[in-house]
Amino acid sequence: MPAKKYLTWAAAAFVAFYVVTQPDGAARSVQGAADGLASVAGSLATFVNTLA
């Protein structure tokens, strides 16, 4: 179990380092993830609407 804890802290440290050193890249990554989630939500809504 401690390995999972260390990997979680390492991942959080990497994300923090990335945000501090590459804020534009981090913003693009977040925007891309948000666009992807919006696309998935739209597709799911379309699918559910066609079932009714």
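This report walks through a predicted model of a protein, from its overall form down to a few single residues.

## The overall form

Let's start with the big picture. The secondary structure of this protein consists of 2 helices and 0 strands. Its radius of gyration is 17 Å, whereas the globule rule gives 10 Å for 52 residues, so the protein is more spread out than a compact globule.

How much of the protein is buried? Buried residues make up 4% of the 52 residues. To count as buried, a residue needs a relative accessible area under 20%. The accessible surface of the protein comes to about 4500 Å², and carbon and sulfur atoms account for 73% of that surface.

## A nonpolar patch

Now look at the surface itself. Which residues form a nonpolar patch there? They are Phe14, Val15, Tyr18 and Val19, and together they have about 370 Å² of accessible area.

Is phenylalanine 14 buried or exposed? Its relative accessibility is 55%, and exposed means over 50%, so phenylalanine 14 counts as exposed.

## A pair of rings

The structure holds 1 aromatic pair. The partners are phenylalanine 14 and tyrosine 18, whose rings are stacked, with 6.5 Å from centre to centre and 15 degrees between the planes. The word "stacked" applies because planes under 30 degrees apart are counted that way.

Let's finish with two threonines, one in each helix. Threonine 21 lies in helix α1, and with a relative accessible area of 37% this residue is partly exposed. A polar atom of the side chain of threonine 21 lies 2.8 Å from the backbone oxygen of phenylalanine 17.

Threonine 50 is found in helix α2, which covers residues 23-51. Its relative accessibility is 58%, so threonine 50 counts as exposed. What does the side chain of threonine 50 reach? The answer is the backbone oxygen of phenylalanine 47, at 2.7 Å.

Methods:
Residues are numbered from 1 along each chain as its sequence is written. This is a predicted model: local features need pLDDT of at least 70, side-chain atom pairs count only at pLDDT 80 or more; totals for chains, interfaces and linings use all residues. Side-chain values use heavy atoms; hydrogens and water are left out. Patches are made of residues with over 30% relative accessible area and no salt bridge: like charges are joined within 9 Å, nonpolar side chains (Val, Leu, Ile, Met, Phe, Trp, Tyr) within 5 Å. Accessible areas come from the Shrake-Rupley method with a 1.4 Å probe; for residues, only the protein chains shown count as cover. A salt bridge is a side-chain nitrogen of Lys or Arg within 4 Å of a carboxyl oxygen of Asp or Glu. Buried means under 20% relative accessible area, exposed over 50%, partly exposed in between (1.4 Å probe, protein chains only). Rings of Phe, Tyr and Trp (its six-membered ring) pair if their centres lie within 6.5 Å; planes under 30 degrees apart count as stacked, over 60 as edge-to-face and the rest as tilted. Helices (H or I, at least four residues) and strands (E, at least two) are DSSP runs, numbered from the N terminus. The radius of gyration is taken over C-alpha atoms; the globule rule is 2.2 Å times the number of residues to the power 0.38. A polar contact is a pair of N or O atoms within 3.5 Å; within protein, one must be able to donate a hydrogen and the other to accept it, and residues adjacent in sequence count only if both atoms are side-chain atoms.
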